[in-house]
Amino acid sequence: MTTATTAPTNRLTPGPRALAGGGLNSVRRNPLLVVLALMVLVFQLTTGSFLDPGNLRGIAIDAATLAIVAVPLALLVISGYLDLSVGSTLAVGGLVAGWLAGQQHQSPVVAVLGALAVGAAVGAVNGILCCYLGLSAFIVTLGMLTAVRGLAQQLFPLPLSSFGSGFAWLGGSRIAGIDAPVLIAALVLVAGALFLALTPAGRHVFAIGVNREAAHLSGINIRRTPFALFVATGVAAALAGAVKASVLDSVVAGTSGAGFELTVLTAVLLGGVALTGGSGSVFGVLLGVLFLGCLQNGLTLLSVPTFWQQMAQGTALVAGAALAYFGPRLTR
C-alpha cells in the first residue's frame, strides 16, 4: 500500500538535477533571456536609476504600442507572410482617431472604431493581394507602406493635436493600478498565446508556415487564416496609432510611425520567430519587445546620441536574424 502511493509521487516530482536541466533547456530555447538580464544589470550599474519604478513604468508604456503590433505580426510571419506597412498604418490610425476625437468631437469609442476600420481596410487589401492573388508580401506591403503614408499626408497635411480629455483616457488612465496601454498590450499578448496554443487555427498557422502545399493537401485553408492575420495586423497597428496619439496628444502624418516597421520586425526576429515561417512563440516576442524597450531607454539614460541608438537597433536586427538561424540548432 505504501509503495503504491509513493512511487507515482517520486516519478512526478523533479529532482534538483531535473530542475537544473529544465532551466538550462529554457535558457537554450530563449537565449535572449540571458542577454536581457545582463543588459538590465549593466544599465542599472551604469545609470543607478534604470530599475527605479518610475523608469520601469515608462519602459512599459513605451513598449506597449510595440507589443500590440508585434504579436499579430509574429503570427503572420510564422504563417510565412510579412507586413512592412505597419508603420504607415499606425500613422493613419492615429490621425483618423485624433481627427474624429479632436476635429469632429466624436466620442473616444467612435474615434477608436474609426481607426480600427481604417486599419482593417489596409490589412484586407494586403491580405487579398498576397493570399488570394499570390503576389509577393514583401513587394505588396512595401508598396502599401509608401502609398498609405502618402495618402495620410494628403488627407492630413497639418499636425493634429488637442484631442480632448475623453480621448486622453486611452493613453493616460490607469485600471487597477495598471496603465491602460500596458493593459491593452497584456490582453493582446494573452490572446495571441491562447490562439496559438489552444485553437485549431493556431496550429494551422504553424502548418502553413512549415509547408504551404502540404498544409493544403491536408485540408487546411491556406488563404483564409493568413488573410485574417493580415487584417488583425492592420487593426493592431491602427490601435497602436490611436494609443500613441492619445499618449502624445498629437500626431503628424509625415513622422508618426516612421521606421516603426523595422522596429517591430526587429522585436519579432529577436523573439526567435523564423522569417521563413513555421516557428516562434508569443513569449519570445515579449522578450524581443522588452529587449528593445530596455535598450532604447538605457541608451537614452546614458545620453547616447540618436545615431548611435539607431546603430544599436540595427545591430539588434542582425542579432535577431542570427538568433532565428542559430536558435533552433541550439535546442538540438
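Is Val140 buried or exposed? I started my notebook with that one, keeping in mind that this is a predicted model. I got 11% relative accessibility for Val140, and buried means under 20%, so Val140 counts as buried.

**Around Val140**

Next I looked up where Val140 sits, and found it in helix H7, which covers residues 137–155. Then I checked what Val140 touches, skipping residues up to four places away in sequence: Asn126, Leu129, Cys130 and Leu135 came up. I also looked at Gly127, which is 13 residues from Val140 in sequence. In space, I noted 9.5 Å between the two, C-alpha to C-alpha.

**The cysteines**

A disulfide is a covalent bond between the sulfur atoms of two cysteines. My search of the whole structure gave zero. I noted Cys131 as buried, at 5% relative accessible area. Cys294 is buried too, at 9%.

**A nonpolar patch**

Which residues make the nonpolar patch? I wrote down Leu33, Val34, Leu38, Leu41, Leu45 and Phe283, with an area of about 570 Å². Helix H3 (residues 31–47) gives the largest share of the patch, five residues. I picked out Leu41, which lies in helix H3. With 46% relative accessible area, Leu41 is partly exposed.

Key: Residues are numbered from 1 along each chain as its sequence is written. This is a predicted model: local features need pLDDT of at least 70, side-chain atom pairs count only at pLDDT 80 or more; totals for chains, interfaces and linings use all residues. Side-chain values use heavy atoms; hydrogens and water are left out. Helices (H or I, at least four residues) and strands (E, at least two) are DSSP runs, numbered from the N terminus. Buried means under 20% relative accessible area, exposed over 50%, partly exposed in between (1.4 Å probe, protein chains only). Contact means heavy atoms within 4.5 Å. Patches are made of residues with over 30% relative accessible area and no salt bridge: like charges are joined within 9 Å, nonpolar side chains (Val, Leu, Ile, Met, Phe, Trp, Tyr) within 5 Å. Accessible areas come from the Shrake-Rupley method with a 1.4 Å probe; for residues, only the protein chains shown count as cover. A salt bridge is a side-chain nitrogen of Lys or Arg within 4 Å of a carboxyl oxygen of Asp or Glu. A disulfide is a pair of cysteine sulfur atoms within 2.5 Å.
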